[in-house]
Amino acid sequence: KSWRGKELSRVFSEDYDVVDTNILDPRGLIITRWNKIFLVACLISLFVDPLFFYLPRAHEDICIDVSIPLEVALTIVRSAVDAFYIIQIYVRFHTAYIAPSSRVFGRGELIVDASTIASRYLQRDFWPDILACLPLPQVLIWLAIPNLRGSSVVSSRNLIRFIIIIQYFLRLYLLFPLSSQIVKTSGVLTETAWAGAAYNLMLYMLASHVLGSSWYLLSIERQEECWRKLCNQEEPRCHFAYFDCRSVGNPSRAAWFGSSNISGLCDPNDNFFEFGIYADALTFGVTNSGFFNKYFYCLWWGLRNLSSLGQNLLTSTYVGEIAFAIVIANLGLVLFGLLIGNMQTYLQSTTMRLEEWRIRRTDTEQWMKHRQLPHGLKQSVRRYDQYRWVTTHGVDEEAILRSLPLDLRRGIKRHLCLNLVRQVPLFDQMDERMLDAMCERLKPSLGTPGMVVVREGDPVNEMIFIIRGHLDSYTTNGGRTGFFNSCHIGPGDFCGEELLTWALDPRPSIILPSSTRTVKAISEVEAFALVAEDLKFVASQFRRLHSKQLRHTFRFHSHQWRMWAACFVQAAWFRYKRRREAEELKRRESFVASISEPAQDQNGISSLPRTGSGFVYAVRLATGITRGGSQRCRNDIDILSSLQKPIEPDFTVEDR
């Protein structure tokens with residue numbers, strides 16, 4: 001009963017799914033998706049906040065007011081973004097954290113106690129989050145600033161700028177731990193290299209956007225500073241309240257504006273006031289333009305000076321202007337360096353293997369030229385290198401598989417090889433477990449046209465199963481004169497069956513068997529190979545089958561057995577043909593003998609034999625041709641009979 005009232009405060013990460021709790025796993029799918037959504041909301045917030053600097057607008061009547069439509073739009077967007085910050089606070093109160101004492105090994109233990117999580121959050125990250133979510137710009141614009149317009153426009157604008165800058169830097173600060181959390185959870189911030197490059201370029205454009213909006217607000221301030229300087233000289237007729245557009249209908253202001261030369265003196269071309277880097281805003285009428293016109297011009301101004309490190313800025317002696325130019329130069333130097341470095345890293349990652357292949361190919365060309373290889377051999381090397389790149393794109397599949405756990409490696413090998421192995425009739429009778437073990441040991445092999453896979457008489461160190469492409473397999477029976485056998489092998493066939501016979505021997509020798517055929521690729525070939533050591537394991541699986549059908553399948557698909565069978569049939573045919581020719585020769589000789597005997601007529605009188613020269617020559621010619629054909633047939637039989645029967649593989653079970 002005492003345990004029923006207690007709640008679980010800690011749990012291992014592996015057992016989190018079986019715990020009935022409302023606390024979220026910081027490495028779970030829900031938090032991962034929410035962090036990415038909140039990252040997008042933070043970026044939108046960082047883009048929206050500088051737009052408040054575009055609210056002031058100067059008019060040709062020498063007054064400044066605030067754009068009401070823009071103010072309403074920014075309030076709606078900013079309020080929607082602030083809602084995400086409020087949701088983030090709620091999520092943080094319901095997200096477990098890893099106990100620091102459990103990080104020695106493994107993923108650690110999750111603290112799932114709600115009170116402990118809330119206490120930790122309140123002590124560490126709650127106050128920055130609550131200050132970042134406050135709708136301060138909206139409150140100041142709609143409640144505080146309208147009451148200050150009658151007294152001072154300058155103080156209200158400075159207050160807006162100060163509040164927005166403080167909260168902007170706070171939200172910018174919160175972006176870094178959020179990105180770090182995403183990297184810890186999913187491993188990367190962006191899935192692809194192009195997305196990473198676009199993300200860094202967007203951050204650079206965001207910095208240009210901030211500088212452009214700040215330049216616009218400072219331009220408005222310098223323009224008003226010129227008005228105030230001239231107004232101080234024209235006291236008591238001029239008042240600072242005249243610079244508020246709500247006082248345009250005031251008669252005293254109209255009288256002062258008609259008698260004053262403020263428009264001409266506060267022009268950038270006049271020497272009355274030094275505008276410095278803000279002169280372009282007045283020259284091109286940026287301060288009294290529409291929103292989109294002034295926004296894009298200010299964005300271009302920020303991007304141009306940020307990229308050029310502020311080298312084109314001609315400042316005045318005003319300290320604030322000089323400080324702003326210094327900030328632009330330093331910020332441009334740092335951000336431009338980071339942009340180039342990150343862009344180079346992300347873009348090079350997409351072409352890194354291609355560049356490595358080009359360098360390796362250049363080294364190969366130089367090596368072949370230095371060793372003076374013949375032209376045909378060079379072309380073979382180039383074709384193989386090109387085909388290997390097109391097939392694998394420079395990826396070392398074996399190295400990737402070796403770095404994975406055994407279970408994953410077996411599953412990947414099964415996915416890649418199982419359907420291909422089943423195409424080989426020799427493996428058709430093996431069960432799933434045997435096929436899995438075989439797939440785990442298969443290694444990919446590639447071939448180009450003209451490449452010799454194995455030569456007749458060379459040791460056979462692997463058995464190759466063709467998946468795609470065609471090869472030419474031929475033999476001369478050890479170089480015997482007058483013997484040549486050739487056939488084509490393709491998908492589903494295999495070569496190097498001598499190694500299987502060697503591996504099936506219960507007492508195999510150390511010396512590998514010699515190849516009885518030469519196998520040469522006639523097209524691009526993709527195959528899987530089983531080396532001698534791996535083939536011993538497969539051979540042990542074959543002995544467990546001990547099936548006559550498997551023996552017949554091996555004989556049917558073995559080209560060595562096919563050649564012997566074809567030669568056996570031909571030798572039998574030649575023997576049959578020789579017997580027929582011998583019988584025919586005997587018949588003809590008996591016929592000639594009967595003709596050469598004296599013939600008698602009906603009256604018993606003997607006549608002379610037919611001894612004409614033409615008749616005797618014809619008989620001798622026919623007999624010689626028959627004997628010559630029998631001699632050639634005898635030679636063919638000797639050649640075919642000299643071919644030994646292939647060694648029978650031992651598919652039977654070993655006697656224990």
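**Ring pairs and salt bridges in a predicted model**

Q: Is R228 buried, partly exposed or exposed, and which category does its relative accessibility give?
A: In this predicted model, R228 has a relative accessibility of 25%. Buried would require a value under 20% and exposed a value over 50%, so R228 counts as partly exposed.

Q: Which residue forms a salt bridge with E225?
A: E225, with a relative accessible area of 31%, is partly exposed. The closest N and O atoms of the pair are 3.6 Å apart, and the partner is R228.

Q: How many residues apart in sequence are the parts that R382 and E365 tie together?
A: R382 and E365 form a salt bridge whose closest N and O atoms are 2.7 Å apart. Because R382 belongs to helix 13 (residues 375-392) and E365 to helix 12 (residues 319-371), the pair ties together parts whose separation in sequence is 17 residues.

Q: Are the rings of W34 and F38 stacked or edge-to-face?
A: Both W34 and F38 are buried, and they stand 4 residues apart in helix 1 (residues 29-48). Their ring centres are 5.8 Å apart and their planes meet at 20 degrees. Planes under 30 degrees apart meet the criterion, so the pair is stacked.

Q: Over the ring of which residue does the charged end of R171 sit?
A: R171 is linked with D49, R78 and D82 in a network of salt bridges. The charged end of R171 also lies 4.1 Å from the centre of a ring, that of Y85.

Notes:
Residues are numbered from 1 along each chain as its sequence is written. This is a predicted model: local features need pLDDT of at least 70, side-chain atom pairs count only at pLDDT 80 or more; totals for chains, interfaces and linings use all residues. Side-chain values use heavy atoms; hydrogens and water are left out. Rings of Phe, Tyr and Trp (its six-membered ring) pair if their centres lie within 6.5 Å; planes under 30 degrees apart count as stacked, over 60 as edge-to-face and the rest as tilted. Helices (H or I, at least four residues) and strands (E, at least two) are DSSP runs, numbered from the N terminus. Buried means under 20% relative accessible area, exposed over 50%, partly exposed in between (1.4 Å probe, protein chains only). A charge sits over a ring if NZ of Lys or CZ of Arg is within 6 Å of the ring centre and within 35 degrees of the ring normal. A salt bridge is a side-chain nitrogen of Lys or Arg within 4 Å of a carboxyl oxygen of Asp or Glu.
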